[in-house]
Every structure is written in C-alpha cells, then in structure tokens.
Amino acid sequence: MTLVFAHRGASGNHPENSLSAISAALDVDVDGIELDVQSCRDDYAIIHDTWLDRTTNGRGMVRHASREELNALNAGNGEGIPTLQDVFNLIGTNTTINLELKHTYCLDKFVQYIEKNVNAGIVERSQIILSSFDHHQLVWLKQKLPWVKIGTLTASIPLNYAEFAQQLHAYSIHMDKNFINHEFVLDAKQRGLNVYAYTVDKQKDIELVLDMGVDGIFSNYPCHAKMAINKLSETKGA
Ligand code: G3P
Ligand code: CA
C-alpha cells in the first residue's frame with residue numbers, strides 16, 4: 001500500500017509545522033510526518049521559512065531568535081513555534097518522523113540531539129528519515145549516523161535518474177510530483193530505493209503519481225489522501 005506522510009503535519013487544516021498539525025496527523029494514523037527544521041539561536045525550530053513573516057506574527061530571521069522568543073509568537077491559532085524536542089516528545093515512537101533540514105547549522109549538535117533522544121528511548125532509530133535538498137549535508141549526516149535513513153530531495157529528473165541517491169546510500173528519494181516519470185521510478189526501484197512524491201493533495205495528482213508507481217506521498221490533507229488511496233486500491237482489486 002502506498003504510504004501517506006502528513007506534509008508539515010496535517011497542514012491543510014492546521015497551522016503548518018505546528019503541534020496541533022502533528023496531533024491531527026497522529027489521529028488519522030499516518031505512516032509518517034514530514035516537518036521542516038531550521039536553526040534558531042539556541043535550538044532547532046520547526047518552521048519552513050528562514051523568515052518569520054509568512055507564518056507568524058513575528059518579523060526577522062528565525063536564526064536570530066531564541067527558542068523562548070519563537071515559542072511566544074503566534075504561528076497560527078495562538079500556537080508558538082515548536083522545537084525539535086517538542087516534536088520528539090509529542091510523536092514519541094508512534095510514527096515515522098521525516099525531518100527536512102532547511103537552514104540547519106551546527107550539524108554536530110543536531111546529531112547529538114538525535115542521538116540523545118534515541119538513547120533515551122523517546123524515539124527509535126528506525127523511525128527517523130533525514131532529508132535535504134543539500135546532498136552534501138546528507139553525505140555528512142550519513143557518515144555521522146550510519147544507521148539513519150536518508151531521503152534525498154530533488155525537483156529534477158537527473159541524467160542518470162536515481163544513481164545520485166544510490167551514491168548517497170539513501171533510503172528514499174523525495175521528488176516534486178511534477179518531475180516524476182516511469183523511467184525514474186523504475187530505475188529507483190531497481191536500485192532498491194523508495195520513491196515518495198510531494199506535495200500531493202488533489203485527487204487527480206494522487207491518481208497520476210500512483211500510476212507512476214511511487215511508494216508514498218506527502219500530503220497536506222493526509223486523511224483525505226489515505227481515503228483516496230484506499231478507494232483506488234479497492235477499485236483496482238475489484
Ligand atoms: O519534503 C518534501 C517537501 O516538503 C519539500 O518542499 O518547500 O514543502 O519544504 P517544501
Ligand atoms: Ca518540507
């Protein structure tokens with residue numbers, strides 16, 4: 001069955017990357033939750049943009065603010081910006097956690113943060129997928145955490161199809177839905193890689209990427225996406 005990842009949590013109906021969006025995703029039993037990670041002054045914050053303006057009532061750059069300042073902002077429905085620790089505490093061992101590194105610095109500290117949570121039993125190794133458009137960062141992370149699942153992000157169809165991800169010892173390729181074709185998916189599968197498509201909300205798009213043979217989708221509306229996928233597989237089985 002095609003997996004459904006809640007994109008920025010269940011962000012279609014809740015503030016993106018918020019604790020309520022994560023809770024809503026857990027409520028519908030998603031296969032995973034995708035969240036964006038940015039470095040702030042003294043922690044790792046869960047927010048997509050480098051600037052606060054679009055999603056909060058704050059101004060300025062995320063990296064100039066402290067954890068406390070970020071938490072005091074309104075990032076939608078009166079919720080503050082969560083830290084990575086808030087996310088680990090809320091999700092626990094319940095589902096896959098895909099952390100997309102955006103502008104994330106001090107990666108040594110980031111690795112320690114993950115290890116601390118794994119060692120404390122708050123989350124399990126098998127749950128974590130680290131993804132990034134910065135493939136250099138991914139190589140470095142895989143060297144530091146050989147056990148971690150690497151998700152290579154791309155919004156292109158490279159000349160050598162999925163070869164780049166195999167070189168990275170990746171677990172999955174996370175592809176913009178507009179750059180997926182049959183050849184790419186076939187090549188990825190032959191290399192033992194999973195292909196997950198983002199961001200897939202509309203019925204027609206769900207049908208198209210499923211037809212391409214993807215293993216999973218990222219959706220802002222995970223409840224609807226799950227229902228649509230179930231229905232499609234029933235129809236096919238009938
Ligand atoms: O991780 C998939 C997708 O979230 C990448 O794009 O801009 O939504 O973070 P963006
Ligand atoms: Ca993302």
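Predicted model: local features only at pLDDT ≥ 70, side-chain atom pairs only at ≥ 80, totals over all residues.

Colleague: Where does His169 sit?

Modeller: In the loop between helix H6 (163-167) and strand S7 (172-176). Its phi is positive, about 55 degrees, although His169 is not a glycine.

Colleague: Is Asn77 buried or exposed?

Modeller: Exposed, with a relative accessible area of 68%. Asn77 lies in the loop between helix H2 (67-72) and helix H3 (84-91).

Colleague: OK, ligand 1. Which residues surround it?

Modeller: His7, Arg8, Glu34, Asp36, His48, Glu100, Lys102, Leu153 and Tyr198. By class, that shell has five charged, two polar and two nonpolar residues.

Colleague: How far is a polar side-chain atom of Lys102 from an oxygen atom of ligand 1?

Modeller: 2.7 Å. For Arg8, a polar side-chain atom lies 2.8 Å from a ligand 1 oxygen. His48 also places a polar side-chain atom 2.8 Å from an oxygen of ligand 1. The protein covers 88% of the 290 Å² of accessible area that ligand 1 has on its own.

Colleague: And the calcium ion, what coordinates it?

Modeller: Ligand 2, the calcium ion, is coordinated by Glu34 (OE), Asp36 (OD) and Glu100 (OE), at 2.1 to 2.3 Å. Along the chain, the donors follow the spacing E-x1-D-x63-E. Glu34 lies in strand S2 (residues 32-39) and Glu100 in strand S4 (residues 96-101), so the pair ties together parts that are 66 residues apart in sequence.

Colleague: Are Glu34 and Glu100 buried or exposed?

Modeller: Both are buried.

Colleague: What does the side chain of Asn17 make a polar contact with?

Modeller: The side chain of Asp36, at 3.1 Å. Asn17 lies in the loop between strand S1 (3-7) and helix H1 (19-27). Asn17 counts as buried because its relative accessible area is 1%, and buried means under 20%. Leaving out residues up to four places away in sequence, Asn17 touches several residues, among them Arg8, Glu34, His48 and Pro82.

Colleague: Last one. Which peptide bond is cis?

Modeller: The one from Tyr198 to Thr199, with omega near -25 degrees. Most peptide bonds are trans. Thr199 is found in the loop between strand S8 (194-198) and helix H8 (203-212), and Tyr198 is one of the residues around ligand 1.

Note on methods: Residues numbered from 1 in each chain as written. Chains lettered and ligands numbered in written order. Heavy atoms only, no water. Near = heavy atom within 4 Å. Polar contact = N/O pair within 3.5 Å; in protein donor to acceptor, adjacent residues only side chain to side chain. Areas by Shrake-Rupley, 256 points an atom, 1.4 Å probe, with all protein chains shown as cover. Nonpolar A, V, L, I, M, F, W, Y, C, P; charged D, E, K, R; others polar. Helix = DSSP H or I, 4+ residues; strand = E, 2+ residues; numbered from the N terminus. Buried < 20%, exposed > 50% of the residue type's maximum accessible area, 1.4 Å probe, protein only. Contact = heavy atoms within 4.5 Å. Donors = N, O, S within 2.8 Å, 3.2 Å for Na, K, Ca; no water.
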